[in-house]
Every structure is written in structure tokens, then in C-alpha cells.
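I am opening a notebook on one structure.

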Amino acid sequence: MLRFISRAALSKTQIYAVYDPPPSSSASLLNHHCFYSSKAKPNNKKQENNKANKPKSKASDSASSALQSDAATSATDDSESARVRLRLLADDERDPSLDVGHNNRPLFTRTTSLSSLTRRDACNYFKFNEGELKAALPEGLPAGMVAEFKESMRPALLVRQSFLDIRDNFRRIVDPTLNSSNGPKVRKQIVLDGPVSCGKSIMLAMLVNWARDEGWLVFYVPRGREWTHGGYFYKNPENGLWDTPQQAENVLKDFLKYNESRLRELPCQILDPIRLGEGAGVGPLKGVDSKEIPEGSSLYDLVQMGIMQTHAAVGVVVRLRKELSLVKDIPVLIAIDQYNNWFTFSEYEEPVTMRSTRPVHAREVAMVNAFRSMMHDDMMVGAFSHSTAVGKLRKDLPDVPEDSRINLPRYSLDEAATVSHYYLRQRLVNREVFTEENWRKVYYLSNGNGAEMRSLLPIMR
């Protein structure tokens, strides 16, 4: 029996599937390409047992108990403080005079939809209905948005002029009558770039929410990194690309969550059979290499095929990309967060010799290869995410138009003033120490970084 050797590199471990060649086969280690990626930490049971059996002193036991007691006390205090703050915030809702920001500007806009926002609403907060927001984004909210809602104890976000500009850009594409001769150039493909914590992922999620409110068909991927990390992966001998059936199934399920009713109305325009590959951990089907698409099938039927049959999942995702380009009845937007992960190496590795492997680039992953390019006429937005730490990418990305990149700024001084007064309104900041001089110090210290301002303002003195 031949077994692939486990390799541990830094914080990841590649676990290779066991392969038993038949007696008549001359298969070897290098011609089998089915693997499983895992982030399991190396498990050294012997060391763990030695640590467990090592006698502990009374002093260490006492210190450990004290730490546990302090942690429990701190958690109880935090919970009690949160309950008190929630009660006070509920009382504050009866006092509209608190909803005033810097220079007596209103903190909140009265507009109730993202479509109705105008330039006058910039630098104000927009109140979301959290239940409706989660229903509009069932694929998941960005981590920055979740943190903002949690810390401020209110589902509200700052309306930034950059969001209004990007929203109006796509609005003019769909309705050319809104264009003017001296207006800005419209862009069908946009890459959102900028420094850490400048709001790229939040802006992309707001754009998706707006587009769906407008009745658009949106293919939203909030975690693009997952397309190149984890799960089973194997090399397709027909095209030389790497298939990831587990990720493909998850992508199709997410796409169906919000768009099911719309997909039932859209017919499949490509009726070529779907090529079948290997399933997630079950290998290829014997004697079957394709799946027919019956005439009259809808895009819903196509997506269901990939969900119900793991061998067809990757082929369906690749076909879906082509089908989205052919939809003309309604506007279609492709929105990819963590887009920068598709321009570097994936977590996967391919054996080269018995003792060496080569990293697999993201462009070699079949699903990424199908969706990464922006050299087309479809509307597409990709947001970079520096939290995934893929390193600095070159300015001229392959398969991306030169003028597509938009650099989002951090908070301006006016935005920082509104944000500071909003956190004061939400009792995240102590009123006794809140002064213009203090919040300006926090702004300059954080250089307009939204996450840092949120963490520094409560501790200013």
C-alpha cells in the first residue's frame, strides 16, 4: 500500500488521501492527485501525556485558581456593564436631543433605504434593521460590520461619500439616461483597495444590499479566501486545473439562499452536458463522465444539480459563471470579498517527488480561474482584505483593467468627528472626558483607522 506522507509547514498541515492501487496497476505516488487540506495542529500525544503526568506544585495550583477566579469575575462584570449600558441606551431613545453630532449636525439620516441616500446624507449614520440586513445578506456579514454593531450596540453604519459614488456608478450603467457629459467615467469592473480597516468589506456588503433591494441578481462571495483553502482538492486530468468539490457545493448553497425565486425564472442558455469530476472524498463515478441538462431547465435546476451531486459541483460553478454573462433580463453583479487571495498562492501543494512539493497558485484552482478575470463586459466588484495577510500585490494585476482600482481612504477629519460623537451617543465613550481636543488626538493617533478609533476612544483620558 502506498500512503502519501503528511507534511506540516508553519501553521498548516497537508493530509494526503490514502490510495490503494490495484495489483495490475502501475500507479505511483506522483500520478495520483487527490488530497485533503487541513489546518489541524500537530498532535504529539506523548508530550501531552508527559505534561499531564507532571506533578504540579501547590503554588502553581493556587496561581491557576486565582487566574480562573479573576477571569470569571471580569466576565461577570463585563456582562453586568453591558446590561446596564443597554438599559441606559433604551432610555436615551426617548431623548432626541442626544442625536446631535459635531457642529450640531444630525447624527442619523432620516432616509430609510440605501437607494434614497443623497450627498446630503454623507457623514451621517444610516440605521439598518438587523433582521432585514441578515436576510438580504444570508451568505454572512463582514467581520468589521459585526464588530461595529456589537461594540456600538446599534445596527448603524456611517454613510461615506465613496459608497455613494460607487453606487451611482453602477446606477448609471443600468440607466444610461443618468449620465452627463461632464460626469465621471463609468466603470463596470472595480477593485476596492485601501489601507487596513478603511471599510472595503463593509462598503462591498452595503453595495450588495443596495443591488438586491433594486432587484438585481447578485453573486456574492464574502469569503473569497475559502476558495483556495481547506477541503478536498484534486487535479483534473482533462484541463490541468484543481477541483475543490466541497467549496463548490458551499458556494452553490450560498448563492441559492437569497436568489432561489429569481433563479427559478431564468432559463439555462447553455445545454451542453456538465463534465463530472471526483466527488468530495468518494472518487470518480465509474462509467459516467458527464451529466445531461434537460431542455427547459432553469438556473435553479442547474444549481441544484451541483448541490445534490458532488461530482458535478465544480462543473456547475464554472458553467454558472458563463450563464451569468448571458442573463440580460435583469442586472447581474458579481461581488467578491477577499479578492486579493485569488492573486497569490493557495494552501494546496502538489507532490513533485517523494520528498518535495510545489505550491498551487490560486489561478490553477478551477473555480477561481472561472471567476477571477475582469476582462469582460459584466459588472463586477472585488474588495481586497488585508486581514487575510496575503502580502503586497503589484499594481497591474493580471486579468484586471488598469483603471479599475479605487483606493478607499481612511476617515477624514469630518467623518472622524461624526464617528466620535456617535460613539459618545452610544455610551461607548465617557462624557466626562469627551472633548474635541481628545477625540482629535485619537484621530491623529490612529491615522483615521476605524477599528483603532473604536478601541481607543473608550479609554481616552
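I began with pockets, using a 1 Å grid over the protein atoms alone: a pocket is an open set of points where a 1.4 Å probe fits, with protein on both sides within 12 Å along at least five of seven lines, and lining residues have an atom within 4 Å of a point. Grid points are joined across faces, edges and corners, and a volume is the space filled by probe spheres set on the points.

I noted that this is a predicted model, where local features need pLDDT of at least 70, side-chain atom pairs count only at pLDDT 80 or more, and totals for chains, interfaces and linings use all residues. Residues are numbered from 1 along each chain as its sequence is written, and side-chain values use heavy atoms, with hydrogens and water left out.

**Second largest pocket.** I found a volume of about 560 Å³ for it. It is lined by 31 residues, and Asn236, Glu238, Asp243, Arg275 and Leu276 are the closest to its centre. H9 supplies the largest share of this lining, five residues. I use DSSP runs for helices (H or I, at least four residues) and strands (E, at least two), numbered from the N terminus.

**Largest pocket.** This one holds about 740 Å³ of space. Its lining has 36 residues, with Gly144, Ser197, Gly199, Lys200 and Ile202 nearest the centre. Helix H4 (143–152), strand S5 (156–158), helix H6 (200–213) and helix H13 (450–456) each give two or more residues to the lining. H6 gives the most, with five residues.

**Core.** I then looked up the nonpolar cores (buried Ala, Val, Leu, Ile, Met, Phe, Trp, Tyr and Cys residues joined through side-chain atoms within 4.5 Å). The largest has 55 residues, and Phe219, Trp227 and Tyr339 touch the most other members. Among the elements giving two or more residues to this core are strand S7 (217–221) and helix H7 (245–265). A second, separate core of 38 residues includes Phe128, Phe149, Trp210 and Tyr220.

**Glu364.** Is Glu364 buried or exposed? Glu364 counts as buried because its relative accessible area is 18%; buried means under 20%, exposed over 50%, partly exposed in between (1.4 Å probe, protein chains only). Glu364 lies in the loop between strand S14 (356–361) and H10. Leaving out residues up to four places away in sequence, Glu364 touches Leu241, Trp242, Arg358 and Pro359, where contact means heavy atoms within 4.5 Å.
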